[in-house]
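Trainee: I have a model to read and a list of terms that go with it. Could we go through what each term rests on?

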Amino acid sequence: MVYSGVIFDFNGTLFWDSEKHDIAWKAFSKELRGCELTDGELKKYVHGRTNKLILEYIVGEELDIERANYLASEKERVYRELCIKDKENFKLAPGAVELLDYLKEKDIAINIATASDNNNVGFFIESFNLDKWFDINKIVYDDGNIKSKPNPDIYLKAIEKIGLKSEQCIVFEDAMSGIEAAHRAKVGKVFAIASQHTREELDKLSNVDYVINDFSNFPRNILD
């Protein structure tokens, strides 16, 4: 089958920044509960999930939206500072620019489905000139009203915004929760990027169709 649309996760997929998020979350966990998140907790309760859910896991109770938004904004401020300081790695993932240029040239519908909040999305748009490739008004992000991955809602909404059906689209993901979200959305193919998990880990997953090291390994012939 040939596919007509591409949906990208962002953090850890189009932008390899998982380490910076982990550093910021560990610092916040130590401040809020007296100990850092373990690597196992990061994989299970953080990667791909919304800030509110992560914060509620850390503090062990439900947070009102005002408190959750305040804590999340502080964590994301630390994260953005880490990104800006690391100038060498503050760029899109290997092969991403070339693939995005190709998709634009071929007029293939694309969108982003990210657990990032509005402030971070604005930061990414400005820093990486995402409006060169994406209709930024269609990007789906954590607005406080969408269910966190592994629920499929974020992918279903991103696909709807580009006027396609799930089976017509492929998804690029890096996180276990995001991979499951794409699978539950019944997309045509799920491509896992080995940015934070090893190929061996990803190859074992039944909900992954292809594992690639970076976007330069993507077989473009499956697209219209």
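Mentor: What follows is a set of questions about terms, each answered from its cut-off.
This is a predicted model, in which local features need pLDDT of at least 70, side-chain atom pairs count only at pLDDT 80 or more, and totals for chains, interfaces and linings use all residues. Residues are numbered from 1 along each chain as its sequence is written, and side-chain values use heavy atoms, with hydrogens and water left out.

Trainee: Why is His 21 called buried?

Mentor: Buried means under 20% relative accessible area, exposed over 50%, and partly exposed in between, with a 1.4 Å probe and protein chains only. His 21 has a relative accessible area of 13%, so it is buried.

Trainee: Where is His 21 placed, and what is it in contact with?

Mentor: His 21 is in helix α1; helices are DSSP runs of H or I with at least four residues, strands are runs of E with at least two, and both are numbered from the N terminus. Contact means heavy atoms within 4.5 Å. Leaving aside neighbours within four places in sequence, His 21 is in contact with Asn 11, Lys 75, Glu 76, Tyr 79 and Asn 120.

Trainee: What makes Arg 80 a residue with no salt bridge?

Mentor: A salt bridge needs a side-chain nitrogen of Lys or Arg within 4 Å of a carboxyl oxygen of Asp or Glu. Lys and Arg count as positive, Asp and Glu as negative, and His and the chain ends are not counted. For Arg 80, which is buried, the nearest side chain of opposite charge is Asp 117, 4.9 Å away, and there is no salt bridge.

Trainee: Which residues does Arg 80 touch, not counting those up to four places away in sequence?

Mentor: Arg 80, found in helix α4, touches Asn 119, Asn 120 and Phe 123.

Trainee: How do you know that Phe 10 and Phe 128 form a tilted pair?

Mentor: Rings of Phe, Tyr and Trp (its six-membered ring) pair if their centres lie within 6.5 Å; planes under 30 degrees apart count as stacked, over 60 as edge-to-face and the rest as tilted. The count comes to 20 aromatic pairs. For Phe 10 and Phe 128 the values are 6.2 Å centre to centre and 40 degrees between the planes, hence tilted. Phe 10 lies in the loop between β1 and α1 and Phe 128 in helix α6, so the pair ties together parts that are 118 residues apart in sequence. Phe 10 and Phe 128 are both buried.

Trainee: What makes Arg 220 lie over the face of Tyr 102?

Mentor: The rule asks for NZ of Lys or CZ of Arg within 6 Å of the ring centre and within 35 degrees of the ring normal. Arg 220 is at 4.6 Å from the ring centre of Tyr 102 and lies over its face.
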